[in-house]
Amino acid sequence: MKHAALPSIVLLLMCCFCLCIMPLDSRADDTQTPAIKETDWPWWRGPSRNGIAHPAQKPPVKWSKDENILWKTAIPGRGHGSAIVMGDKLFIATADLEAQEQAVFCLDRATGKVKWKSIVYKGGLIKEGNQKATLASSTPATDGQRVFVNFLNNRAVHTTALDMEGKQLWQTKITDYTIHQGYGTSPTIYQSLLLVSADNKGGGAFAGLDRTTGDIVWKHDRPKLPNYASPIVFNLNGKDQLVFMGCDLVTSLSPLTGKVNWEHKGATTECVSSIVTDGRHVFTSGGYPKNHIAAVVADGSGKVTWETGTRVYVPSMIVKGDHLFGVTDGGVAICMATATGKDHWKGRLGGTFSSSPVMVGNLIYAFSESGGGFVFKASPDDFELVAQNKLGDEVFATPTIAGSRIYLRIADYVDGKRQESVVCISAAPAN
């Protein structure tokens, strides 16, 4: 005899069986770092956390307010955090002092249309410290299921997770925060964790949070010193290490446990840029109490191979092969030998730089605070400026380069009023 309908318990068991045999790549896996496509830029400094975009991309080298601009979307408030992109969405954080709001915006990547705005904080915005600082200087991170953002609010740093539609999932306090210059460190994703930092004069912390729940899995106390660098994970000496600079230290932790691998002198007190590596050294840079770039051997010995007095305080550097490229705060492009620190060349760009350069193939894109957009070759042979452009009155955020397009946060002054926007620089029309 055939049954017209199976008992509900049988249907339930069948569903469970189907779920169990479902291919792993078709289910969300919160135990691993998410897979990233070449068209994605999911967190600070890009997919490999080193300021290098996928080499197959071909963004334009020329642009202006009337040339190669696919779209431009006004964003209220102020922030220096960069945009991130994954799939068809772009996310960016902002702080509106007038409205007393800290929020995350989601834009349609192809058109720039605002999909949603999620207010993370209403009230508690206290503007103190450096006049250049903002209350939205952190770049968000995404694992494709959630968007994570750090905000300083009411003198404490919290990390918040939103779903892909802007609904708040959890919020975790990292530490109380004594404001000196400001706050702007960005979270990064590693396997099941979200890694965050909040150094400050009141005593800061590193923390590894469960990215599904926000629970603190591990926490590492830091010296009572101001510092602004973001945590970066690199594979060094055969294992993944969370490497960090500042508070007069270069530090390596296990990203899963927070256990100290090694910690030595080799950086200044205050650092803003993010650490980079050639696999043998980690390169630190800072600007207080002294200007420095240093090469620290990444074997735990603490040996400093070389050090210079060059001021690369805010913009992060880039390693390509045996060469270190960067832009000084004072607007000079530099190329140095990673082994010795010897200058190969210096090239004057002009202006003041807070934005970090990004490399695509053999070209480096760099933006000055006054909106100058420079493209120069990533070659040790000689300084060669490929293009010089102008867009906006201010650029503090680092560009995001993905899918052969540049996503850039700019500010314009119209009738004396400042207006921030996200622009998409593209030589190709929208799909």
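Are phenylalanine 206 and phenylalanine 244 buried or exposed? Phenylalanine 206 is buried, and phenylalanine 244 is buried as well; buried means under 20% relative accessible area, exposed over 50%, and partly exposed in between, with a 1.4 Å probe and protein chains only.

**Before starting**

This is a predicted model, in which local features need pLDDT of at least 70, side-chain atom pairs count only at pLDDT 80 or more, and totals for chains, interfaces and linings use all residues. Residues are numbered from 1 along each chain as its sequence is written, and side-chain values use heavy atoms, with hydrogens and water left out.

Colour the model by pLDDT, the predictor's confidence in each residue, from 0 to 100. The protein averages a pLDDT of 92, and 92% of the residues score at least 70. Select residues 1–28 next: their pLDDT is below 50, and beyond near neighbours in sequence the stretch has 6 contacts in the model, a contact being heavy atoms within 4.5 Å.

**Aromatic pairs**

Rings of Phe, Tyr and Trp (its six-membered ring) pair if their centres lie within 6.5 Å; planes under 30 degrees apart count as stacked, over 60 as edge-to-face and the rest as tilted. The count by this rule is 14 aromatic pairs. Select phenylalanine 91 and tryptophan 116: their ring centres are 6.0 Å apart and their planes stand at 45°, so this pair is tilted. It links distant parts of the chain, since phenylalanine 91 belongs to strand E3 (residues 89–96) and tryptophan 116 to strand E5 (residues 114–122), 25 residues apart. Helices (H or I, at least four residues) and strands (E, at least two) are DSSP runs, numbered from the N terminus. Phenylalanine 91 is buried at a relative accessible area of 0%, and tryptophan 116 counts as buried at 10%.

Now return to phenylalanine 206 and phenylalanine 244, an edge-to-face pair with 4.4 Å from centre to centre and 75° between the planes. Phenylalanine 206 lies in strand E12 (residues 205–210) and phenylalanine 244 in strand E15 (residues 239–246), so the pair ties together parts that are 38 residues apart in sequence.

For a cluster, select Phe325, Trp345, Phe376 and Phe383, which are linked by ring pairs.

**The sheet around E12**

Two strands pair if DSSP finds at least two bridges between them. Strand E12 belongs to an open sheet of 4 strands in the order E10-E11-E12-E13, with antiparallel pairing. Strand E10 (188–190) and strand E13 (216–221) are the edge strands, each pairing on one side only. E12 and E13 pair in the antiparallel sense over 5 bridges. Select alanine 207 to find lysine 219 of E13 opposite.

**Cysteines**

A disulfide is a pair of cysteine sulfur atoms within 2.5 Å, and the count by this rule is 0 disulfides. At cysteine 247, the nearest cysteine sulfur is that of cysteine 271, 8.3 Å away. Cysteine 247 is buried, with a relative accessible area of 3%; cysteine 335 is buried too, at 0%.

Finish at strand E31 (residues 405–414), where 8 of the 10 residues are buried. Strand E30 (residues 400–402) runs antiparallel to E31 and is joined to it by 3 bridges. In their hairpin, with 2 residues between the strands, glycine 403 takes a positive phi near 60°. E31 also pairs with strand E32 (residues 417–425), in the antiparallel sense over 9 bridges. In the hairpin of E31 and E32, again with 2 residues between the strands, aspartate 415 takes a positive phi near 55°.
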